[in-house]
Amino acid sequence: MQNRVIINEVGLRDGLQNHPKRLSVKEKQTLYLALRKAGVADFELTSFVSPKAVPAMADAAELVAAIPADPAVHITALVPNRRGYARAREAEMKGVAVVLSATETLNQKNIGMSLQTATDECIAVILAAKQDGIFCRAYIAAACACPYEGRTDQAVVLHLAQKMVDAGADEIALADTIGAGNPAQVERLFGAAVEQFGASRLAAHFHDTRAMGLALSWVALKSGVRKFDASIGGLGGCPFAPGASGNLATEDLALMLEQSGYETGLSLAGLVDAAALAREMLGGQVGGRVLPWYSSDRARKERERGAA
Ligand code: COA
Ligand code: ZN
């Protein structure tokens, strides 16, 4: 149990929301099925946000309807406000995620609300979700640094997270939205968060902007956290947080965890196939280190020898 780690695939939401290439519902569905084939059972599938703000997510309800019902799968969608929550309910979502940024400016830029209004809006959605029996995650975005305000005060992050927990949030995802965290900071942050909320209520969401994704994940893992967001092919980035680049790649995280003796339930070969599919669909490059390595002759030979 201790060794079981959940990887929550956010590629279809965080990964695609800011990508210059728009995928059709059919293509998103095909990518979802490739991820399912690789064993992925946890997804943040889409977001019910303003289509004017994020055109790539305008098909949220259509995409949800195109995904086959599967009791083995846990799916959430990001909702920025009560309107988004109502749309998610209409689409029969069983899980949602609210997003509260730790700074005044990022809330303004991302969802057009002050920190106070955003806090109240998140609380309203969490209360509604609890009443409706819907799973509700609360992101604390910019948990390490804000693109507008610099380094984030850990006490503020924990204070906001406490408000979300008090309202009834099932899960707190501490998000290094722009990938600016460092292992020492994340060790302190997750150490304190685990003490305050317990490891089982926490999830970690890292971006690999400065190649820190795996190091930060390892530190969060050692603090006791067992749920991590990642994005196939390292796709990702927030349109309203300058400097935010791809999420930590799912296949990179899965490889590190599996080789270190943790169980993810994911097939590396399947993830590599899904990453290659994403690369093909998006017509260019994807991030992550595993895909090029896995495809090399050297790695193929190592696998044949049973050494990889
Ligand atoms: N889904 C779809 N449409 C929505 C909506 C939602 N959840 N919430 C508001 N709208 C619509 C309103 O109906 C209104 O439509 P209209 O222009 O046709 O009248 C329009 O969006 C503007 O609404 P308003 O309440 O004035 O909000 P806004 O323009 O300040 O936008 C958000 C606020 C939250 C909707 C918008 O900033 C947003 O969607 N942000 C998401 C950002 C994001 O996804 N970031 C990455 C993930 S963290
Ligand atoms: Zn993100």
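User: Are α4 and α6 roughly parallel or roughly antiparallel to each other?

Analyst: In this predicted model, helix α4 (residues 82-90) and helix α6 (residues 115-132) pack at an angle of about 25 degrees, with axes 9 Å apart. Helices are DSSP runs of H or I with at least four residues, numbered from the N terminus, while axes are lines fitted to C-alpha atoms over the stretch in contact, and angles run from 0 to 180 degrees between N-to-C directions. Angles under 35 degrees count as roughly parallel, and those over 145 as roughly antiparallel. So α4 and α6 come out roughly parallel.

User: Which number does residue numbering start from in each chain?

Analyst: Since the model is predicted, local features need pLDDT of at least 70 and side-chain atom pairs count only at pLDDT 80 or more, though totals for chains, interfaces and linings use all residues. Side-chain values use heavy atoms, leaving out hydrogens and water, chains are lettered from A and ligands numbered from 1 in the order written, and residues along each chain are numbered from 1.

User: How many charged residues are in the contact of α4 with α6?

Analyst: Contact here means heavy atoms within 4.5 Å. R82, Y85 and R89 of α4 meet E121, A124, V125, A128, A129 and D132 of α6. Ala, Val, Leu, Ile, Met, Phe, Trp, Tyr, Cys and Pro count as nonpolar, Asp, Glu, Lys and Arg as charged, and the others, Gly among them, as polar. By that scheme there are 5 nonpolar residues and no polar ones, and the charged count is 4.

User: Are α2 and α11 roughly parallel or roughly antiparallel to each other?

Analyst: The axes of helix α2 (residues 25-37) and helix α11 (residues 268-282) come within 8 Å and cross at roughly 165 degrees. Therefore α2 and α11 are roughly antiparallel.

User: How many nonpolar residues are in the contact of α2 with α11?

Analyst: On the α2 side you'll find E27, T30, L31, A34 and L35, and they meet G270, L271, A274, L277, A278 and M281 in α11. Sorted by class, there are 2 polar and 1 charged residues, and the nonpolar count is 8.

Note on methods: Helix = DSSP H or I, 4+ residues; strand = E, 2+ residues; numbered from the N terminus. Parallel < 35°, antiparallel > 145°, perpendicular 65-115°, else oblique.
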